[in-house]
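Work through the following exercises with the sequence and the model open beside you. Each task is followed by a solution that goes step by step.

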There are 2 protein chains.
Amino acid sequence: MPRKPLELAVIDLMQAVGLLVRRVRAAANAQGLSMTEATVLARLDKAGPATTAELARAEAMKPQSMGATVGSLEELGLVERRPHATDGRQLNIVLTAKGAALRSSAQLAKRTWLAQAIAQLDDAERETLFEAGEIIMRLVEK
Amino acid sequence: MPRKPLELAVIDLMQAVGLLVRRVRAAANAQGLSMTEATVLARLDKAGPATTAELARAEAMKPQSMGATVGSLEELGLVERRPHATDGRQLNIVLTAKGAALRSSAQLAKRTWLAQAIAQLDDAERETLFEAGEIIMRLVEK
DNA sequence: TATTGTTATACTCTATAACTATA
DNA sequence: TATAGTTATAGAGTATAACAATA
């Protein structure tokens, strides 16, 4: 049972998400990685090389937009493009040694404000956030 | 106790937030209000007229940026600028009749994808999302 | 001098459209 | 013809800088 009317709670959540995104973006401009950049980097580490098109599908973005993200990761020296073994159209995006070095949470935390902030929460708060993330994942698929 | 390593859970949350924001933005471009627009509108309804500077402080944005948001709400006919009674520098942003008509959750839900989506969740899921929103609010204040 | 607001400019993120190369 | 990728252009959202008016 919500503590306040539904519409007000929804607005508060929107405000929180807006503040969060602006905060992460400000931190990324100053020193680190944007949310999309961090997500793509972690995905490459977890699941191995992928094409721009595959990454775009995973993030529900257009391939052209993902191309820009991959381009900025490439400028940072974190990924590189490699020709596909058999399909001449494809370019595999792979982590460089520098990109792979960011795989540990300690390294990633330095690079993203959100990871840093979440590390300071207690277990129950973290768990609530992660559950919310799972709910959002189901929500956006509809 | 998290079900997966902390760094992976953080990345999953980042991905969820990214997908959510892109989804809300796409829906807003097609028909409705952006997250910031909806938040500002609700705030004006809840707390009454405010200046651009006050709204900017509440959303942790620059006054110039909030000016753009207010401008688009004005173009939609949802708010208007009124001279302040005593301070000639200030312009109060007030809801128009059309803007005030959006105050009910039913009206707002039609205007924002997120409100519409959340209305379809069960109570426990909604509560988790709203708790996560409160945690995020505390997080961004640090 | 500080505050409110505006205008001009630019950057990030993402989209649409048009194109080339390969399958 | 379908798919992978690139380039060009545009839009939303936000920032910085410079300015005008008022306090």
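**Exercise 1.** How many residues surround DNA strand C, and which are the closest?

**Solution.** This is a predicted model, in which local features need pLDDT of at least 70 and side-chain atom pairs count only at pLDDT 80 or more, while totals for chains, interfaces and linings use all residues. Residues are numbered from 1 along each chain as its sequence is written, chains are lettered from A and ligands numbered from 1 in the order in which they are written, and side-chain values use heavy atoms, with hydrogens and water left out.

Begin with the count: 22 residues surround DNA strand C, where a residue is near a strand if one of its heavy atoms lies within 4 Å of it. The closest are Ser65(A), Gly88(A), Arg89(A), Arg22(B) and Leu91(B). On the DNA side, sugar and phosphate make up 68% of the atoms of DNA strand C that come within 4 Å of the protein.

Next, sort the residues by class, counting Ala, Val, Leu, Ile, Met, Phe, Trp, Tyr, Cys and Pro as nonpolar, Asp, Glu, Lys and Arg as charged, and the others, Gly among them, as polar. The surface near DNA strand C then has four nonpolar, 11 polar and seven charged residues.

**Exercise 2.** Describe the side-chain contacts that arginines of chain B make with DNA strand C.

**Solution.** Look for pairs of N or O atoms within 3.5 Å, which is the cut-off for a polar contact. In the side chain of Arg22(B), an N or O atom is 2.7 Å from a phosphate oxygen of DNA strand C.

**Exercise 3.** Which residues line the largest cavity, and to which classes do they belong?

**Solution.** On a 1 Å grid over the protein atoms alone, a cavity is a set of points where a 1.4 Å probe fits but cannot get out, and lining residues have an atom within 4 Å of a point. The largest cavity is lined by Leu13(A), Val17(A), Leu20(A), Leu129(A), Ala132(A) and Ile136(A), together with Leu13(B), Val17(B), Leu20(B), Leu129(B), Ala132(B) and Ile136(B). By class, this lining has 12 nonpolar, no polar and no charged residues.

Conventions: Polar contact = N/O pair within 3.5 Å; in protein donor to acceptor, adjacent residues only side chain to side chain. 1 Å grid on protein atoms, 1.4 Å probe; cavity = no way out; pocket = protein on both sides within 12 Å on 5 of 7 lines; lining within 4 Å.
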